[in-house]
Amino acid sequence: MKSRKIMAIAALAFAVALLSFTGCSNNEVIGKDTDDVPTYKNPDASVNDRVEDLLGRMTLAEKVGQMAQPDQDFLESDEDITKYYLGSVLSGGSSDPPSNSPEAWTNMYERYQKMAMKTRLQIPLVYGVDAVHGHSNVIGAVIFPHNIGLGATRNPSLVEEVSKITAREVAGTGITWTFAPCVAVPRDERWGRTYEGYSEDPALVGELGAASVRGLQGDFSETGNIISCTKHYVGDGGTVGGQDQGDTQVSEQELRDVHLVPYRDAIEAGTKTIMASYSSWNGEKLHGHAYLMNDILKGELGFQGFIISDYRAIDQLEGTYKEQIVKSINAGIDMVMIPDRFKEFISLLTESVEEGAISEERIDDAVTRILRVKVESGLFEHPFVDPSLSAEIGSDAHRQVARQAVRESMVLLKNEGDVLPLSKDIGRIHVAGKNADDIGNQCGGWTIDWQGGSGNITVGTTILEGIRQVAGEGTEVTYSRDGDGADGADVGIVVIGETPYAEGEGDTQSLALSSLDGQALNNVRSAGIPMVVVLVSGRPMIIGRELNNWDAFLAAWLPGTEGAGVADVIFGDYNPTGKLSYTWPRTMEQIPINVGDDNINPLFPYGYGLSY
């Protein structure tokens, strides 16, 4: 009997050592093979019991560590994770492993997670990334249309499927949390984040945002689900003049009627985390707004997940850094995104608790919320990557869904003389414009890098390549960026619009077409052939003076990597169904312009869209 016990103990020790060596958590073995497994490691125990048990075992240092989220770029070494008991790490918009391949992301994530497994309590990291239209930091991942395009689809089932695929590709690199969906309700196209919003209509934003939450999270019954982060709470799309991180000057009733609506829907859909906004409401920064976070979000709306700050956002509050920490935590922030100041943050937060400026009850509430999300999402049972998901990244099946999303997002706004759809037997098509053969331009911001970039930045099909793929074998497709050489063609397709930008950099007081766009348009027009214009942009642009010269006009938004979806509409393989989710202004002077405003005279009204 005694020898059997010794053998069993030795076998268990060997199994634990083997799993530890291979990078797996040993809690699964302990949970299955011993009767003294801690409650928090027992997947059969209730969520509340597991969280309560774990919280009761934690020191103040371990609790504070759960509330800190540095950027991996600023870790001095991997040991920082164990030394400071970090509960989370993120990769900001341009914080990538050197090779930026799916394999490099997986290796980086697993390296950090193994360090978390070396801590006393083995609490897994929750790793965050801005996968806002696909796993968009990673070269080779599928890039879907930005939310403005998905808004034009009016198709929550498609949005849910897009988000499900995004989750599987993110999980394929091990990462468990995306800072998405954005449920801003943009009310001013001068805002550089307009394309991150599904619509100017809060009801549509709420419907599609909730669909995205469901797609990302599922019910966490399989490893392809990840944690959603609905953002940016609240009113970020309503700032005066469309200023990024500006001030939303509206009554509480308007804030509720327009900007709060999508959060109710996201909470009902089960979103686990919410990100606070950089912006202010009537002069008070959201990161210090106890009424909106504690009373409304956690109280009235009953949000049970945790609130995370935005990148360095608490630094914008008044006072010293210590005072900023105290104000934001007491106002309801549970986890703080402090990319480079995490050591200072941990020290000052600890001091603030010891001095009584932040109560231990507030710390316990924040950590309880964080731990609950980790338990509910299955992170304790599955802290490492599922290799079967890694093989799906950038797959043909995923790209076909993205292509369908592009088709459904296209909005046909003019089709004089029924020039579209083009026949696949047409003799020659001349394609022009700076956005015709540029994968970076058609993906927009938040793609590979924070601000995005022009050129061959990732794997995909440009609009020009898509036209060549879909056109008939007997059709000649020629191309010049500036439109030269269009003479003699049967039709011209000019692909114009914006180049990539993200927050801050995208704010503008002019939505006019560029001189390069004008040159391409003029050169094709001078050839005396029918002209189809495709606009690649993150918002409606001012085109009133040019529109009369165009035979057909398609809004393609920012379609992502699958440019063949644009060609499918041009050639009629898909009859356009997209409808404007934003009111299209005639002039800059009309902005802000939104459905329901009095006495508006838009170029195209909200909901407009033609079919063949």
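The model is predicted, so a pLDDT of at least 70 is required for local features and 80 or more for side-chain atom pairs, while totals for chains, interfaces and linings use all residues. Residues are numbered from 1 along each chain as its sequence is written, and side-chain values use heavy atoms, without hydrogens and water.

Four bridges join E2 and E3 in the parallel sense, and Val89 has Tyr127 in E3 as its bridge partner. Strand E3 (residues 126–129) pairs with E4 in the parallel sense over two bridges, where Gly128 has Trp177 as its bridge partner.

Is E2 covered on one face or both? Ser88 and Leu90 lie on one side and Val89 and Ser91 on the other, and all are buried, so both faces are covered; buried means under 20% relative accessible area, exposed over 50%, and partly exposed in between, with a 1.4 Å probe and protein chains only. E2 is also part of a right-handed β-α-β unit, together with helix H6 (residues 102–116) and E3. A crossover is right-handed if, with the strands pointing away from the viewer, the path from the first strand over the helix to the second runs clockwise.

Helix H3 (residues 47–57) has Arg50, Val51, Asp53, Leu54 and Leu55 buried.

On a 1 Å grid over the protein atoms alone, a cavity is a set of points where a 1.4 Å probe fits but cannot get out; a pocket is an open set with protein on both sides within 12 Å along at least five of seven lines, and lining residues have an atom within 4 Å of a point. Grid points are joined across faces, edges and corners, and a volume is the space filled by probe spheres set on the points.

The largest cavity holds about 170 Å³ of space. Its lining has 21 residues, with Val132, His133, Asn147, Ala180 and Ser212 nearest the centre. Helix H7 (147–153), helix H8 (156–171) and helix H9 (202–217) each supply at least two lining residues, and H8 gives the most, with four. The second largest cavity has a volume of about 90 Å³; Met58, Tyr85 and Arg120 are among the residues that line it.

Of its 21 lining residues, Gly92, Gly93, Tyr311, Trp446 and Glu503 are the closest to its centre. For the second largest pocket the space is about 240 Å³, and Thr176, Thr223, Asn225, Ser377 and His382 are the closest to its centre among 21 lining residues.

Terms used
Pairing = 2+ DSSP bridges.
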